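Welcome! Let us take a friendly walk through one protein chain, step by step. Keep the picture open while you read.

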Amino acid sequence: MANFNLADYETVDSRIKRFYADNPGGRITTELVDYTGDVGKTRWMVKASVWRSRYADREMTLPADEPDGTGYAFENDGEGMANRTSALENCETSAIG
């Protein structure tokens with residue numbers, strides 16, 4: 001198992017800001033893929049897609065259909081501090097991160 005050093009951790013907020021600084025024409029989208037279970041015991045799954053440019057060609061006329069990267073995350077209501085009240089939001093942030 002890899003060692004985790006909190007001093008080296010970059011927050012998702014910081015990574016998003018760096019992404020847009022490096023890719024001014026970029027975009028990030030999220031999609032709720034699935035949710036199952038009763039209220040308070042829901043399992044959430046979110047997909048994030050990232051494009052470095054909004055356009056597929058250099059002339060910037062065609063929208064880019066395929067993302068440059070994707071990420072998935074799942075969270076369960078009530079598991080961990082953030083998921084007691086904000087499991088879906090935490091899941092979305094994790095997928096982007």
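## A first residue

Arg18 has a relative accessibility of 44% and so counts as partly exposed. Here, buried means under 20% relative accessible area, exposed means over 50%, and partly exposed lies in between (1.4 Å probe, protein chains only).

Before we go on, a word on where the values come from. This is a predicted model, in which local features need pLDDT of at least 70 and side-chain atom pairs count only at pLDDT 80 or more, while totals for chains, interfaces and linings use all residues. Residues are numbered from 1 along each chain as its sequence is written, and side-chain values use heavy atoms, with hydrogens and water left out.

## The overall layout

The chain has two helices and three strands, and from the N terminus on the elements run α-β-β-β-α. Helices (H or I, at least four residues) and strands (E, at least two) are DSSP runs, numbered from the N terminus.

Of the 97 residues, 21% count as buried. The accessible surface of the chain comes to about 7,300 Å², and 51% of that belongs to carbon and sulfur atoms; such areas come from the Shrake-Rupley method with a 1.4 Å probe, and for residues only the protein chains shown count as cover. Now take the contacts in the chain with a separation of 6 or more: residues 24 or more positions apart account for 40% of them. Contact means heavy atoms within 4.5 Å.

## Three salt bridges

Side chains of opposite charge can pair when their charged atoms come close. The structure holds three salt bridges, each being a side-chain nitrogen of Lys or Arg within 4 Å of a carboxyl oxygen of Asp or Glu. Glu10 is partly exposed, with a relative accessible area of 26%.

Asp13 pairs with Lys17, their closest N and O atoms being 3.1 Å apart. These two are four residues apart in helix 1, so about one helical turn separates them. Asp13 is partly exposed at 46%, whereas Lys17 is exposed at 54%. Another salt bridge joins Asp68 and Arg52, with the closest N and O atoms 3.5 Å apart. Both Asp68 and Arg52 sit in the loop between strand 2 and strand 3, 16 residues apart. Asp68 is partly exposed, with a relative accessible area of 44%.

Which residues of helix 2 are buried? In this helix (residues 87-96), they are Ala87, Cys91 and Ala95. Seen down the axis of helix 2, the buried residues fall within an arc of 70 degrees, so they line one face of the helix. That arc is taken from the directions from the helix axis to the C-beta atoms. Their cover includes strand 2 (43-51) and strand 3 (69-76).

Strand 2 is also the place of Ser49, which is buried at 8% relative accessible area. Leaving aside residues up to four places away in sequence, Ser49 touches Arg27, Ile28, Thr29, Pro67, Gly69 and Thr70.

## A nonpolar patch outside

Phe4, Leu6 and Tyr9 form a nonpolar patch on the surface, with about 390 Å² of accessible area together. Patches are made of residues with over 30% relative accessible area and no salt bridge; like charges are joined within 9 Å, nonpolar side chains (Val, Leu, Ile, Met, Phe, Trp, Tyr) within 5 Å. Tyr9 lies in the segment before helix 1 (12-22) and, at 42% relative accessibility, counts as partly exposed.
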